[in-house]
Amino acid sequence: MPEGAVGRDAQGVAVVTGAGRGIGQETARVLSGAGYTVVLAARTPDAIAAAAEELRAAGGRALAVPTDVVDEGQVVHLMARACADFGQMDVLVNSAGSAAFAPAHELDSEGWNRTLASVLTGTFLCSKHALRHMLPRGSGQIANVLSIAARTAFPDSAAYCAAKWVALGLMKVLQEEVRARGVRVTALIPGATATPFWEQHDTHPDFAEMIAPRHVAETILYVLSQPPDVVTDEMVVMPRRGILRRAADARGADHPRNGREWHARQRTCVYVFSQAVRAGAVRRAALLSAWRCRFQSDAGQLVSRRASPPR
Ligand SMILES: NC(=O)c1ccc[n+]([C@@H]2O[C@H](COP(=O)([O-])OP(=O)(O)OC[C@H]3O[C@@H](n4cnc5c(N)ncnc54)[C@H](OP(=O)(O)O)[C@@H]3O)[C@@H](O)[C@H]2O)c1
């Protein structure tokens, strides 16, 4: 029996990246509880070692393999180690990722590159090398933890949204390349989830309104549990209130949209608009535009000669 293997019959072997904390760690727990042998990957050795130990203490089979998903050599080693120690790999869950948040004109190259590397390149490399083990067997499942940022534009999220939108495109391509060869690929699209992911950022939505990582993990288990003749191409999981945005108030007074100047400009706009309404200018503009619409829609048939512009 390989190192770290105790008791319990396994459902299959699942490699989970980003398993040191957050959604990845919770997914490792849920899959282990469901009988999977779990190989945990992330860069911080202590975090995945502790998580693997927790799974083994609960009767599961688990192995920690420190991996930077951006390094192709380390990714090759991760997949090879899973197969060498447990005989095969049935599932890959791509959950590794980090993000730099800033307005595009302030985002530095390091933040841009780090985000695209961990979210996009890491997903590509892990999927590529998992497929090299799965395709010859004609079976396997890949679940990619994308984000609602793959579908929605969020301010201050140029790198993150770009990476997730492209990662969703990558999933679509993978699905078409491998679905006929027995491998199922799912794009999981969660909304804001209460994990340490947000702690590195000065503002974030209210944790109390976010999804619990356990629910995302259980959705992944649900997707993996579908019969072999069914594939879930996409699964969107949202907080009850839908898209949660970061509170503008929490941006701080020095933020351009929170400063005195911005509020003064807002007050000026409201004042000018209210004066225009009082002067009747807005009413006249609306009537003129209604008259133009009527004139244009009539133009192809009979022009109403009675229609006259408002005064
Ligand atoms: N939290 C949310 O609201 C939310 C919503 C939708 C989607 N997501 C996505 O879900 C995934 C997981 O997010 P999370 O909330 O669980 O974040 P998290 O709590 O910050 O955990 C991220 C995990 O990824 C690992 N990681 C980061 N960069 C890595 C790299 N280059 N190589 C290997 N491992 C790496 C981290 O460990 P190390 O730093 O030790 O490597 C950590 O274990 C991300 O792709 C995120 O975009 C998050």
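Trainee: Which residues come nearest the ligand?
Mentor: This is a predicted model, and in it G18, G22, R43, T44 and G97 come nearest, out of 30 residues around the ligand.

Trainee: And which elements give two or more residues to that shell?
Mentor: Helix 1 (22-33) and helix 4 (109-137) do.

Trainee: What's the shell like by class?
Mentor: Around the ligand there are 15 polar residues, twelve nonpolar and three charged.

Trainee: OK, switching to helix 6. What should its span be, and what do the end C-alpha atoms give?
Mentor: Helix 6 has twelve residues, 213-224, so at 1.5 Å a residue you'd expect 16 Å. The end C-alpha atoms of helix 6 are 17 Å apart, which agrees.

Trainee: Which of its residues are buried?
Mentor: In helix 6 the buried ones are P213, V216, A217, T219, I220 and L224. They cover an arc of only 155° around the axis, so they sit on the same side of helix 6.

Trainee: What covers them?
Mentor: The cover over the buried residues of helix 6 includes helix 1 again, plus strand 4 (91-94), strand 5 (140-145), strand 6 (183-190) and strand 7 (234-237).

Trainee: What does I220 touch, leaving out residues up to four places away in sequence?
Mentor: T27, V93, A143 and L188. Take L188: 32 residues separate it from I220 along the chain, yet their C-alpha atoms are 7.7 Å apart.

Trainee: Now strand 1. How many of its residues are buried?
Mentor: Five of the five, residues 13-17, so strand 1 is largely enclosed by the rest of the structure.

Trainee: Which of them point which way?
Mentor: V13, V15 and T17 go one way from strand 1, while A14 and V16 go the other way, and all are buried.

Trainee: In what sense does strand 1 pair with strand 2, and over how many bridges?
Mentor: The pairing with strand 2 (residues 37-41) is parallel, over five bridges. As one example, V16 has L40 of strand 2 as its bridge partner.

Trainee: Zooming out, how many helices and strands are in the protein chain?
Mentor: Eight helices and seven strands. The chain has 311 residues, and 36% of them count as buried.

Trainee: What share of the contacts with a separation of 6 or more comes from residues 24 or more positions apart?
Mentor: That share is 67% in the protein chain.

Notes: Residues are numbered from 1 along each chain as its sequence is written. This is a predicted model: local features need pLDDT of at least 70, side-chain atom pairs count only at pLDDT 80 or more; totals for chains, interfaces and linings use all residues. A residue is near a molecule or strand if its C-beta atom, placed from the backbone, lies within 6 Å of it. Helices (H or I, at least four residues) and strands (E, at least two) are DSSP runs, numbered from the N terminus. Ala, Val, Leu, Ile, Met, Phe, Trp, Tyr, Cys and Pro count as nonpolar, Asp, Glu, Lys and Arg as charged, and the others, Gly among them, as polar. The expected span of a helix is 1.5 Å times one less than its number of residues. A residue is buried if 20 or more other C-beta atoms lie within 10 Å of its own, exposed if 12 or fewer, and partly exposed in between; C-beta atoms are placed from the backbone. The arc is that of the directions from the helix axis to the C-beta atoms. Two residues are in contact if their C-beta atoms, placed from the backbone, lie within 7 Å. Two strands pair if DSSP finds at least two bridges between them.
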